[in-house]
Amino acid sequence: MTTTIDSFISLPLLVSAGVAALVLLFMLLIRLRKKARISYIFYVVAAIIIVGSLYCYYTEYYIYYVFTVTLSLAITLPYLIIKAFDNPQKREEKKAAKKSAELAAAKDADMVSKKALAEIEEKHQRLLDVNKDLIAKVSSFFSSDNSMENYLEYCNDLIAQRVSADGCIILMADDYDNTLAVKSFKGLFPPPYKLPDDLPHKPIRVETNLRFAQFQLEGNIFGEIFSSGEPAFIPDSVRDPRVFQNGPEEFLRCGGYIFAPLKQTEGVVGLVALARLPEKEKFTKQDFDTVVMLADAISTTMKPLYSFLAYAEHTELNKGGSIASKYQKDLLPAKLPVLPGVTIGCFSNAMEGVCGDYYDIIVSRKDRISFIMSDVAGKGMNSLIVMIMIRAILRLSVNTAQSAAKIMEWTNRGICLETSKIDHFASVALINYDATKKEVDISTCGNNPVFIYRAADKTVNQISEPTEPMGVAKETEYKNQIFKLETGDIVATCTDGLIESLNENGVQYSVENLKKAIIKNCGANAKDIASRVKDDLKKYCGTAQQYDDQSLLVIKIQ
């Protein structure tokens, strides 16, 4: 066999693949050790030479080696052309210019941030200054009559002057009715809501309507902005559908408006509204920001004034409650009468400032002893006045031969004729006892329960049911109940404050506990029964604070 040079062609292919592999290895080491920057082009070319050389070696298609070299050169050539005509200095200049532009942009952004921060600091400083001024001013209203109304008038003037408004109103929320009412009115304020159809379009009538209107929390611009809790800026009301144009009278033409809610921790409590007439210059964004800032300051300063007024009211109520408590004690029997055939026991724990419970024992005739337990609504002097009225009417009425229900109806009619604004409601239990027949005639109203303990079977039953209290309607009719009593039977009545007394876990004493205490002590006389119920109640409630008077009246048949 003849040996030619072509017989050794596979050897250069292996050498080419090996050298390419070494080159690739060294390039990777250089890159990993970060000695120099090598283009990815050379990694690709080395890989192509390795793959192409090995392919030609194993398949003996040597023509593919030519393709491998050509492809490697084709990949390398564009890179070399770019590098041949590249200007490193110009490239560095571009990089420097780009970096300089980025630094300048960062500097401008920093300046903008500093400017925005300075504006925020200035805004907060102005708000702080306004708060200081208002806090100093609000203290001067503490001792004046109508403190809140006068303070709102001052705030109204302050806001209107700051933004040169033609009119300003301050509305406050009524949580009970869910409405808004105007508490302060200054200047000219064209109403932005629909006026009643029957209201004459005259300035004095329109202004009066605005001053005394009650605005619901929907269906009008005041209620909608109050409910949203967000301020509103309306420089031109003609283009805003929320503003109703009442026209065509000139004084009804609406111009610009600014609305700012008065917010406190518990929510929105009011609304400031400013108006500028259409012929005047429009409100600006700066005016809007000023109003919002002042509204926030007013909201903050109203809190201590509210707290002071609540404290003053509490102090006045306590003072009135102390006076009422003194007179109430004078109305209660100084000493329980000694009566043939019955024993009597009672107690009354009056809570501070309440003084609503009243009991009485009236020996009117040989065949009638009247026992009364009453719980008057309200507190302090109000409850005392109603208590005196009930006491006077009952003391006159029980001397008649009328039934307990009829006497209650007479008393109710007398209370209902009272036309003052004070509450005149009461729960009353009237027990007329006829010692000659050992019979009770009972009538109740409101929540005062009446119980009868039967010695024969040792059971306690509540014979009364909760009904409409006294003082609601003069036509009210009451139910009459007559029971025969035997020796050892017990009649007891109390106010709802006793059975609703809470222990330290918030659980009520309840009717059941009262029944158990009566049954447990049924062998004692009425005075001892009342005393032991009092002890049981005290033990049950522990240190828990109570908020209503606790009274009990016990009658035991001997």
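Contact means heavy atoms within 4.5 Å. The structure is a predicted model, in which local features need pLDDT of at least 70 and side-chain atom pairs count only at pLDDT 80 or more, while totals for chains, interfaces and linings use all residues. Residues are numbered from 1 along each chain as its sequence is written, and side-chain values use heavy atoms, with hydrogens and water left out.

Cysteine 155 lies in helix H5 (residues 147–162). Helices (H or I, at least four residues) and strands (E, at least two) are DSSP runs, numbered from the N terminus. Leaving out residues up to four places away in sequence, cysteine 155 touches Ile170 and Ile298. Its relative accessible area is 0%, so cysteine 155 is buried. Buried means under 20% relative accessible area, exposed over 50%, and partly exposed in between (1.4 Å probe, protein chains only). Cysteine 168 is 13 residues from cysteine 155 along the chain, and their C-alpha atoms are separated by 9.9 Å.

A nonpolar core is a set of buried Ala, Val, Leu, Ile, Met, Phe, Trp, Tyr and Cys residues joined through side-chain atoms within 4.5 Å. The largest such core has 44 residues. Phe371, Ile390, Ile431, Tyr433 and Met470 touch the most other members. Strand E10 (residues 426–434) gives the most to this core, with six residues. Beyond its neighbours within four places in sequence, tyrosine 433 contacts Val342, Asp367, Arg368, Ile369, Phe371, Lys438, Glu439, Val440, Leu485 and Ile557. A second, separate core holds 27 residues, among them Phe189, Leu252, Cys254 and Phe259.

Two helix pairs were examined. The axes of helix H9 (residues 381–397) and helix H10 (residues 404–416) come within 10 Å and cross at roughly 145°. Axes are lines fitted to C-alpha atoms, for helices over the stretch in contact, and angles run from 0 to 180 degrees between N-to-C directions. H9 passes H10 in a right-handed crossing. A crossing is right-handed if the near helix is turned clockwise from the far one by less than a right angle, and left-handed if anticlockwise. H9 contributes Met389, Ile390, Ile393, Leu394 and Ser397 to the contact, and H10 contributes Ile407, Trp410, Thr411, Gly414 and Ile415.

The axes of helix H12 (residues 510–520) and helix H13 (residues 526–541) also come within 10 Å, crossing at roughly 140°. The crossing of H12 past H13 is right-handed. Asn513, Leu514 and Ala517 of H12 meet Val533, Asp536 and Tyr540 of H13.
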